[in-house]
Amino acid sequence: MKKALLIAGVSALLTGAVVEAQQRKAQPQKQQQPAVKQEEVIQVLKSGLSTDPRFAWKVEQDEAQKICSQYPSREAMPGPAIQKVIQVSQNEIRYPQWGLFWGDWKEGKKIVDNPRGGRFASYGFSDSPTDRGGNCYACHLIEKGVPGGTMGPNLYQYGKRWNITKENMNSPEAIQNLKIVYNIVYDSWSAFPCSSMPRFGRNGALSPEDVMNIVTFLLHPDSPVNK
């Protein structure tokens with residue numbers, strides 16, 4: 001009797017499973033929505049901007065941006081894609097007319113302190129010298145006792161961290177460190193692909209001379225950053 005009941009129970013379970021599977025199969029498959037095309041995204045962006053031709057470049061992605069847009073984050077990017085963004089960004093770096101050498105840290109401080117210019121909305125549209133700003137404190141802590149943001153790394157005593165002193169600041173090693181930091185400030189993607197840090201030099205928000213003055217402010221032993 002028990003054996004008969006057991007067989008009947010198993011049979012019922014199997015029958016139920018088959019029925020459920022048939023019901024699932026009979027249900028209409030949910031249609032997948034087609035992916036949004038890049039052309040459609042661009043069209044929406046353009047519709048929200050002025051027809052002024054000076055704005056046109058803002059919705060045209062450069063080569064590095066096109067690569068970054070393919071992935072949800074830098075962590076999701078394959079190695080070759082990361083290297084390609086770095087290579088493209090490094091190739092576009094330009095240096096000051098005076099070459100790779102120290103600038104004026106006091107002039108750099110003015111740009112760092114200036115909250116105007118260098119903002120996402122103003123790239124390429126600030127012709128007035130008063131608009132040349134880095135707005136650096138929005139994202140960084142830089143000088144002791146001066147409020148700043150924490151979205152970016154803390155830059156206080158940045159020159160000391162690069163081991164730059166008055167005695168060695170003109171050595172080949174120090175100039176090489178100057179170049180490394182310059183490249184980051186000029187185009188952060190040359191070191192940190194797809195970073196949210198504005199690409200100041202690459203996008204023309206700041207000149208190469210401006211960028212070098214900022215870097216000098218960050219690294220020079222006499223700068224208040226390193227006191």
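Okay, a definition before anything else: buried means under 20% relative accessible area, exposed means over 50%, and partly exposed is in between, with a 1.4 Å probe and protein chains only. What you see above is a predicted model, where local features need pLDDT of at least 70 and side-chain atom pairs count only at pLDDT 80 or more, while totals for chains, interfaces and linings use all residues. Residues are numbered from 1 along each chain as its sequence is written, and side-chain values use heavy atoms, with hydrogens and water left out.

Asn-135 sits in the loop between helix 5 and helix 6 (158-161); helices here are DSSP runs of H or I, at least four residues, numbered from the N terminus. Its phi is positive, about 50 degrees, although Asn-135 is not a glycine. Most residues other than glycine have a negative phi. Asn-135 is partly exposed, at 24% relative accessible area. Then there's Asn-163, in the loop between helix 6 and helix 7, with a positive phi of about 60 degrees. Asn-163 is exposed, at 57%.

Now, the helix packing. Helix 7 (residues 172-186) and helix 8 (residues 208-219) have axes that come within 9 Å and cross at roughly 120 degrees. Axes are lines fitted to C-alpha atoms, for helices over the stretch in contact, and angles run from 0 to 180 degrees between N-to-C directions. So helix 7 and helix 8 are oblique to each other, oblique being whatever is left after under 35 degrees (roughly parallel), over 145 (roughly antiparallel) and 65 to 115 (roughly perpendicular). On the helix 7 side, the residues include Leu-178, Val-181 and Tyr-182, and they meet a helix 8 set that includes Val-211, Val-215 and Leu-219.

What about helix 5 (residues 105-113) and helix 8, at what angle do they pack? About 100 degrees, with the axes 7 Å apart, so this pair is roughly perpendicular. Among the contact residues are Trp-105 and Ile-111 of helix 5, and Ile-214 and Phe-217 of helix 8.

Last bit, the core. A nonpolar core is a set of buried Ala, Val, Leu, Ile, Met, Phe, Trp, Tyr and Cys residues joined through side-chain atoms within 4.5 Å. The largest has 29 residues, and Ile-142, Val-215, Leu-218 and Leu-219 touch the most other members. Helix 5, helix 7 and helix 8 each give it two or more residues, with helix 8 giving the most, 7. Apart from it lies another core, of 8 residues, Ile-67 and Trp-189 among them.

How values were computed
Contact means heavy atoms within 4.5 Å.
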